[in-house]
Amino acid sequence: MSIASAPDFFLTRIGDELVLNHGQATPLNLNVPKKRVLIVGGGVTGFTTAWALLDAGYDVTIIAERWADPKNRITSQIAGALWEFPPAVCGKHTDVISLHNSKRWCMTAYRVFDKLQETMPRSDYFDHGVQMRMANFFFDQKMENMPDRGQLDKFEEICAQKDIKGIRRDANIVKEHEVNQKAGVVDAYQHLAPVIDTDAYMNWLRFVLVCKGAVMETRRINGDLLDQEEELLAEYGADAIVNATGLAGLELAGDASVYPLRGALIRVVNDGKMFPKVTEALAVTHDDTRGEDEDIVFIVPRNDNTLILGGLAQPHKYELDLALDSPEIVRMRERCNNFVPGLEKAEYDPDAPLVQGLRPFRGSNVRVERELRSRPDGSMSRIVHSYGQGGAGFSLSIGCASDVLELIEEIELGLPATKMGCSRRQQRAELAL
């Protein structure tokens, strides 16, 4: 991909979602002054929001303390980045409103990622790191026999999504993948899903943003954004601020419900020499009914040569002090080894055998919402929040960006802020009455 060709694809908002288009965008009215949005946060949520805003005609400045770097990875690069219909493998998303919106957001991402890899094959362009792979989900009892209907309901909802490809439920999937009988799984389903090489995608996305005119500044913001909103708007000549800082929402949004869900991934060489090459994702979902924190199996090809093994979901753990010989990491590796025969022979990735990070969760899960508090002078805030995506940052990123775009438009129209609900369109209709 050349710098000249990079802008030839763009996101447009149709209804409640963003759609990827390829070709020349409709020329913007150059006689209308552009408005600038300041985005705080340089992870996948902030970058994706910047992409949507740039294609909608806004100027964008992004500030972040750190940027994606394969030698010093940020949280977005450490993510498992297997697209999932919510709730994800690591569980934890329980809020009704959040789940409702997440199902809409994730389908927006599915369609965009699918079209991206179709229209821009990785072999022909700057590698965006997106591939469609078969994702297989396994269960130790028939879904109908589980204590609650959660997994069965999720599968039935997946079946109802016309855009999800390759859906199949069959116990033979267990045999086809030669899953160890001692793992005790008896039921399974599969479907095609976007799987993202996070290093490649974040590098590609930064390139796209620069080509489209984004300004990036390395800077740390401390304290509640609301207390410094007017200063930041004036300093950057911005009309609105987007808070996409993940775990830092605890400080920058004054949100005491934000907490980390520590995760870690083991990276091994997946070249087919030490064990049969794994080309599909294999997962066992966290089961809240069992009272166990360590039951996840997460085996996913990161790219053509690296396999990631997980998973771990440790709430309220802030320390990034895990090592390959940490007891929970040893147990995590054993769960994966016991699931796929031969995996115990896998050699560690020599550059990064273990990566770890803090998923940003909050009490009521994902927040895509305008600042509900007034400024110190009593006027309406021009801050929009997008954080708390937890372990589903990539799956939700494009859908969340679509809603942020709508919230920015609300600010421009002078509409009052409303609490996050299931339908923004319904809320706007009620305000118009």
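Reader: What makes Asp-59 count as buried, partly exposed or exposed?

Author: This is a predicted model, in which local features need pLDDT of at least 70 and side-chain atom pairs count only at pLDDT 80 or more, while totals for chains, interfaces and linings use all residues. Residues are numbered from 1 along each chain as its sequence is written, and side-chain values use heavy atoms, with hydrogens and water left out. Buried means under 20% relative accessible area, exposed means over 50%, and partly exposed lies in between (1.4 Å probe, protein chains only). Asp-59 has 24% relative accessibility, so the residue counts as partly exposed.

Reader: How do you know that Asp-59 forms a salt bridge with Lys-34?

Author: A salt bridge is a side-chain nitrogen of Lys or Arg within 4 Å of a carboxyl oxygen of Asp or Glu. The closest N and O atoms of Asp-59 and Lys-34 are 3.9 Å apart, and the pair forms a salt bridge. Asp-59 lies in strand β4 (residues 59-64) and Lys-34 in the loop between β2 (17-22) and β3 (36-40), so the pair ties together parts that are 25 residues apart in sequence. Strands here are DSSP runs (E, at least two residues), as helices are (H or I, at least four), numbered from the N terminus. Lys-34, with a relative accessible area of 48%, is partly exposed.

Reader: Why are Arg-262 and Asp-321 called a salt bridge?

Author: Their side chains meet at 3.0 Å, N to O, which is within the limit of 4 Å. Arg-262 is in strand β10 (residues 259-269), and Asp-321 is in the loop between β14 (314-315) and α9 (327-339), so this pair joins parts 59 residues apart in sequence.

Reader: How many salt bridges does a search of the whole structure find?

Author: The search finds 32 salt bridges. One of the pairs is Arg-168 with Glu-176, whose closest N and O atoms are 2.6 Å apart.

Reader: Why is the charged end of Lys-212 said to sit over the ring of Phe-9?

Author: A charge sits over a ring if NZ of Lys or CZ of Arg is within 6 Å of the ring centre and within 35 degrees of the ring normal. The charged end of Lys-212 is 5.5 Å from the centre of the Phe-9 ring and is listed as sitting over that ring.
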